[in-house]
Each structure stands twice: as structure tokens, then as C-alpha cells.
Amino acid sequence: MSETIRVLVVEDSEDDALLVLRTLRRGGYEPDWLRVQTRKEMQSALKEREWDVVLSDYKLPRFDAPSALRVLFDSGLDIPFIVVSGTIGEEVAVDVMKAGAHDYFSKDKLMRLTSAIKREIQEAENRRRRLVAEQEREKLQEQLSQAQKLESIGRLAGGVAHDFNNMLNVILGHTEMLLDDLPRQSIWRASLEEIRKAAQRSADLTRQLLAFARKQTTTPKVIDLNDTIQGMLGMLRKLIGENIELVWQPSRKTGCVRMDPSQLDQILVNLCVNAHDAIDKVGSITITTDHVAFEKEDYSQNFDIVPGDYMLLVVTDTGHGMSKETLAQIFEPFFTTKDVGKGTGLGLSTVFGVVKQNNGYIRVYSEPGQGTTFKLYFPECSTQQDRHDVKEIPTASAPGEETILLVEDEPAILKMTGTLLERLGYNVLSAATPVEAIQLAGEYAKQLKEQKTDNNIHLLITDVVMPEMNGRDLAAKLVDIYPDIKVLFMSGYTSEHISHQGMLENSVDFLQKPFSHKMIANKVREVMKK
């Protein structure tokens with residue numbers, strides 16, 4: 001059976017063209033061919049379809065082989081170019097080969113033409129494969145460089161946020177103590193309130209920095225989906241601008257899901273930013289929630305979704321939409337359709353990761369010119385789960401009398417936090433390093449033994465990242481001295497020492513810096529009651 005070959009013949013003589021084609025048929029090819037005689041005809045032929053080989057006479061009335069070579073080079077196509085002529089000598093043949101032709105044959109000696117074509121087609125395929133491999137290597141190298149850059153920025157962001165949170169904690173702590181001490185009629189209250197608001201806004205910015213660095217601590221809890229989204233609408237409207245309408249269509253019946261509220265923020269911000277970029281000047285973004293129940297028989301029909309009750313979050317835009325090819329890649333890290341410098345390709349991969357981390361499912365529907373719809377399914381919390389997770393929060397003024405060992409390597413934080421705890425009525429033992437804390441705990445235990453009293457250290461409050469020893473290792477050592485001691489970790493960012501993939505274990509109590517007077521008061525009482 002003959003093999004079809006697509007041949008572009010640059011030849012002014014039809015008889016000579018047919019001679020070449022007969023040679024190809026004898027060699028086992030079935031030519032699918034076109035004869036051209038001018039530059040314009042050749043340019044048009046190269047644009048209209050693909051070719052396996054170009055066979056060109058050297059001299060035509062209005063065209064020649066060197067000119068045909070330039071046309072081929074200008075097209076950017078890598079197609080074997082073979083000169084077949086009876087009018088040039090060896091010296092001219094060498095020149096045309098130097099100019100870029102792959103081979104040369106005299107019209108009266110075409111025995112090797114078929115084998116030469118096979119060789120050159122294979123060589124062209126090898127060149128294409130090498131080019132693709134090189135492009136893939138360059139793409140991977142670019143992705144690696146981008147990942148390394150993001151990792152470096154993430155480490156920098158995490159370190160800066162950690163130190164910045166410490167300073168904010170000092171500002172918030174002392175501001176709140178001053179507000180507690182000032183009479184309500186004081187002229188300084190308004191200024192102190194503004195300082196506190198500025199510090200809290202700065203803390204919000206720091207949390208965004210930590211989210212980028214993926215060092216934020218996620219603490220899943222039961223949230224009302226509608227209420228949480230409602231609280232974000234103002235920020236989202238500012239984010240997308242005045243030219244884009246934000247439509248909010250909540251479900252009539254309220255519903256709860258278990259996730260970290262900051263992760264819901266990440267999801268909606270990323271989806272709305274992408275929708276904004278897909279809309280040309282004017283359009284709309286619609287956010288909808290609903291209840292969906294999947295039965296057992298739906299299992300195979302709905303992307304392997306586990307049967308049960310789900311809260312559905314839908315984000316729809318009127319943007320330019322996406323092709324099937326784009327849709328197939330949107331969740332891949334570093335894939336982006338935006339111009340260089342305008343997108344990292346991590347937004348939707350982050351959304352996908354957050355949805356999966358919370359046992360959810362995500363589906364995307366889009367067509368060019370028809371906009372895009374993201375559907376996110378999160379397991380709905382049952383009434384029992386709601387009752388189990390919603391705990392009574394003690395008031396900030398709840399007094400305490402227990403003994404607390406406070407460990408913090410930042411002197412200003414240590415002093416401020418110790419003062420806050422003493423104001424709440426606690427007996428505070430302060431240590432600036434883990435080694436000092438262990439020594440202090442040992443000495444205190446010895447004193448208790450001599451005094452024959454059981455007033456042990458009830459709670460350890462420790463920073464997580466410290467010189468000499470991390471907070472979790474410190475806690476493990478202190479348990480040997482005080483088996484019943486409770487532990488409260490505090491930090492400006494998450495740490496692998498107390499969390500798994502950024503999510504806290506159920507047994508870990510954590511206080512995110514910067515914290516307010518009320519936050520630490522509530523958290524300490526919560527831990528003490530366990």
C-alpha cells in the first residue's frame with residue numbers, strides 16, 4: 001500500500017513535475033501535490049495547508065530556488081527543501097546547498113530521490129522532536145525559576161509578617177491597656193481608638209501576606225455560608241471596580257459548612273479577580289448559594305461525589321469565556337492565559353486545593369463568548385455538628401487565678417503579654433528562652449514540694465519559633481515535670497511543628513498574633529476549662 005506524501009512542487013514545466021511524481025510513485029509514495037510557479041503562489045500554498053516536502057526546479061521564468069528558499073525560511077516552517085533541476089552544474093548545486101537546501105538532484109538521475117525524501121522527512125521529524133523537547137525544557141526551567149522566586153518571596157513574606165505581627169501585638173496590647181485605664185470622658189480615647197483600628201487593619205494586611213506565603217494557620221470551624229459571604233461583599237465590590245456589577249443571590253434557607261473563613265475569602269477573591277480580568281470593561285459577576293442533595297444513585301453521574309447534603313457556591317461571570325483546551329488546564333499550577341507579569345497561574349490552583357482540602361468538589365462550565373461558571377460543593381454541616389462545634393465563649397472579663405508559664409523570645413511581647421495576664425488575675429512566670437523556662441519550671445516545682453502545696457503550673461503559653469528549641473519540644477519536656485499542664489501555642493505564622501499542611505490538629509490550641517486583650521482572655525479561659 002502506497003504512503004501518502006504531501007508535495008509542493010516549484011516548477012514551470014508540468015511534464016517535468018509529472019516526471020518527478022512518477023518517480024515518487026515508483027518509490028512507494030502516493031503524492032498529494034500542488035504545482036506553483038511564483039513567489040505569491042508559494043506563499044499562499046504554505047499558508048493554506050501543511051506539506052511534507054518542497055521539490056523545486058532551480059530556474060523558473062519568474063522565480064528560482066534561492067528565492068523559494070527565502071520564502072520557506074520567512075514562513076518559519078521546517079520542511080525539507082530539495083532542488084531537482086537539469087540546468088545547473090555542481091558548483092551552483094553546492095551554493096544552493098549552502099543556502100539551506102537539504103539535497104540536490106539532476107532530473108535525469110532521480111533513482112535516489114525517494115530514499116532522500118524519506119531521510120529528510122525523518123530528519124525534519126527529529127528536528128521537530130528536539131525543538132519540542134527543548135521548548136519543554138525551557139518551559140520547565142521557567143516554571144522552576146518562577147517557583148523558586150515565589151518560594152523565596154514566600155520565605156521573605158513569612159519572616160517579615162512574623163516580626164511585623166510581634167510589633168503589632170505590642171501596639172495593640174498597650175493601646176488596649178491604656179483604653180482600659182482611661183475614663184470614658186478622656187480626650188485621648190478617640191486617638192487611642194484610631195491607633196487600635198490602624199493596628200487591626202495592619203494585622204489584616206499581614207494575614208494577606210501570610211496567605212500568599214502559605215504560612216497562615218487554618219482553623220476550620222462551622223460558618224454560615226450566606227452570612228460569611230454577605231460580610232465580604234463590600235470588599236469584593238471594591239476589588240472588581242464600579243464598571244462590573246456584583247449580584248448576590250443567597251439561598252433562602254441558611255446552611256453551614258466547616259472550613260476556615262479565611263479560605264472562603266481566598267476562594268472568592270481569586271474567582272472574582274479572574275472574572276474581572278475576563279470581562280471587557282462592563283459586565284457582571286453573580287454569586288449564588290444553594291442546597292444540593294446527592295443520593296447514592298447520583299454517585300456515578302456526578303463526578304464521583306460522595307452522597308450527602310452539600311452547600312453549593314456558584315460564581316458566574318459575563319466574560320469572554322474559555323475554550324476546551326484552556327478549561328483542561330486551568331487548575332494546573334503556573335498555567336495562565338494572562339500576559340507575562342499579569343498573572344502567576346496560582347489563583348485557580350489555590351482554589352482547587354482549598355476546595356479539596358475541605359472535602360469539596362469543583363466544576364467549571366465555560367464556552368468562548370459565553371462567560372464562565374464555577375460550581376463549588378462543600379459538605380453541609382448537620383445540626384449535631386453545629387451544636388458540637390459552636391462553643392460558649394467566655395467573656396473577656398472572666399477572672400483567673402491559675403499559674404501560667406509564659407515563654408516568648410521577643411522582650412516587648414513577653415512584657416506586654418505578662419502584664420495583660422496579670423491584670424486578668426493570673427500568677428505569671430515569664431521566661432525569655434526555652435532553656436530558661438525549663439529551669440524556671442524545675443525551680444517552681446521544687447518550691448512547691450518544699451512548701452507541700454499542689455499549686456502547680458496550670459498552663460504553658462509559648463511562642464512556636466524560638467532559638468534553642470521550638471515550642472512543641474518545650475511543651476513535651478515540661479509535661480515530664482507537670483503531667484497535667486495545658487499548652488497554648490502562639491505565633492505570627494504557622495509552623496510545621498504544630499500543624500499538618502497548615503491545618504491545626506484538634507488537640508492543638510493556638511493563638512494567632514497579633515491578639516487583642518479580649519482574644520487572649522477568652523482563649524486562656526477556653527483552654528483552662530478543657
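Which residue is the bridge partner of serine 491 in β21? Keep that one in mind while we look around this predicted model.

## A five-stranded sheet

Let's start with the strands. Five of them form an open sheet, paired in parallel and ordered β16-β15-β17-β18-β21. At the edges sit β16 (427-431) and β21 (510-512), each with pairing on one side only. If you go from strand to neighbouring strand, the average turn is 20 degrees, direction ignored.

Now back to the opening question. Strand β18 covers residues 486-491 and runs parallel to β21, with three bridges joining the two. In one of these strands, β21, the partner of serine 491 is glutamine 512.

## Helices across the strands

Helix α15 (residues 471-481) lies across β15 (403-407), β17 (459-463) and β18, and its direction makes an angle of about 155 degrees with β17.

Helix α16, made of residues 517-528, lies across β15, β17, β18 and β21. Against β18, helix α16 runs at about 150 degrees.

## A cavity elsewhere in the chain

Rolling a probe the size of a water molecule over the atoms shows where empty space is left. Here, the structure has one cavity of 30 Å³ or more, and the largest cavity has a volume of about 50 Å³.

What lines the largest cavity? Among the lining residues are Val9, Val10, Asp16, Leu55 and Lys107. Elements giving two or more residues to the lining are β1 (3-10), α1 (14-26) and β3 (53-56), and α1 provides the largest share, with three residues. By type, the lining has six nonpolar residues, one polar and four charged.

Notes. Residues numbered from 1 in each chain as written. Predicted model: local features only at pLDDT ≥ 70, side-chain atom pairs only at ≥ 80, totals over all residues. Heavy atoms only, no water. Pairing = 2+ DSSP bridges. Helix = DSSP H or I, 4+ residues; strand = E, 2+ residues; numbered from the N terminus. Axes fitted to C-alpha atoms, helices over the stretch in contact; angles between N-to-C directions. Contact = heavy atoms within 4.5 Å. 1 Å grid on protein atoms, 1.4 Å probe; cavity = no way out; pocket = protein on both sides within 12 Å on 5 of 7 lines; lining within 4 Å. Points joined across faces, edges and corners; volume = space filled by probe spheres on them. Nonpolar A, V, L, I, M, F, W, Y, C, P; charged D, E, K, R; others polar.
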